[in-house]
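Please find below a note on the model under review.

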Amino acid sequence: MSPSPVYLDAATAAPLHPVARQALLAALEDGWADPGKLYAQARRARQLLDAAREATAQTLGVRADEISFTSSGTTAAHAAVLGGLAGRRRSGSAFVHSAIEHSAVLHAAERHQAAGGTAVAVPVDRQGRLDLAAWSDAVRVPGVALAALISASHEVGTVQPVAEAAAACADVGVPLYVDAAQSIGRVPVPAGWSVLTGSAHKWGGPPGVGVLAVRKGTRWESPWPADEREGGRTPGALNLPAVVAAAASLRAAAADAATEQARVAPLVDRIRARVSAEVPDVEVVGDPVLRLPHLVTFSCLYVDGETLLHALDRRGFAVSSGSSCTSSTLRPSHVLEAMGVLSHGNVRVSLHRETTGADVERFLAELPGIVAGLRAEAGVVGL
């Protein structure tokens, strides 16, 4: 009999929160109409949208009219970068970002460069933490329109010095965009940002909902063709039932965040300690202290990352990798490269509200044998 599955990839998508499921089913009943119309069904849909926006704003500590919903976290990130640069075109065309931003941000930077702008990547140290001195120097250069710093690494979990980076930006009047996809609903996001984005399926909401927050007074201009929806910030009709479910699950996740952190952090500590002690030639990467509570990443020498993920999947473990070379990229993770750490045989484990201590124990019990078996197949023995 095949082993029961253990899902350990919440950093990609957390299982749907029960509150999200309840809200989604309820909203499907009376949230299907166009909230921009005037008849009764539309007015009900508008009430649901307004309530979802207000709940999201309260959870994030912003005004309701600063929140827009998008079709995904990626769309929100693209809008944050391209809109922030467009709104500040008179101030310059330089975009400063950390070297470990999500690929959505880097792809937006590439689009900006293709249009004639410039982009500067600020390095990180071996633990994946931003070089603040280099950041301060970069944002002080004349002509910087926007800066971007991820709140915490989506690949290794290192929490970034957002408050300090924001202060450096504020000193020279440069707005800061923060990609908070891995933080929202789990840990507080420091203040000081001008634009912030999140993705609902990271906190247990449904896929296909992104959040874009633009603070009042921030120069931001929609990069999309004109559209009357969402204050002109993002085009197209919203999946309103999904938005309602996203808002409801965000409020529930944020309310339970401290309790959940206290539960999963010791489990991650156990993984960090046991993997280092029981698997030869492995490097646990990321800051050991200043990190997200639910995520741990390690790399194994003499093992192909994609092969390792498939082997774990056959044993019922769903994990991710930041560095497995695929046919679409043919290169390792830009995050691990920027950190200068081992990228071969990389595994990212991320826990969620349904992960149990027994799940973690089973993973730790089977991992050494799986790695040893793959190394033996590759002719690497005697470690």
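This is a predicted model: local features need pLDDT of at least 70, side-chain atom pairs count only at pLDDT 80 or more; totals for chains, interfaces and linings use all residues.

1. Residues are numbered from 1 along each chain as its sequence is written, and side-chain values use heavy atoms, with hydrogens and water left out.

2. The protein has 10 helices and 12 strands (DSSP runs, H or I of at least four residues and E of at least two, numbered from the N terminus). Its radius of gyration, 21 Å, is close to the 21 Å that the globule rule gives for 383 residues, so the protein is as compact as a globular protein of that length (taken over C-alpha atoms; the rule is 2.2 Å times the number of residues to the power 0.38).

3. Of the 383 residues, 52% count as buried (under 20% relative accessible area, with exposed over 50% and partly exposed in between; 1.4 Å probe, protein chains only).

4. Gly-143 lies in the loop between helix 5 (132–140) and strand 5 (144–148). Gly-143 counts as partly exposed because its relative accessibility is 25%. Beyond its neighbours within four places in sequence, Gly-143 is in contact with Ser-91, Gly-92, Ser-93 and Ala-94 (heavy atoms within 4.5 Å). The C-alpha atoms of Gly-143 and Arg-90 are separated by 8.9 Å, with the two residues 53 apart along the chain.

5. Among contacts between residues at least 6 apart in sequence, 72% join residues at least 24 apart.
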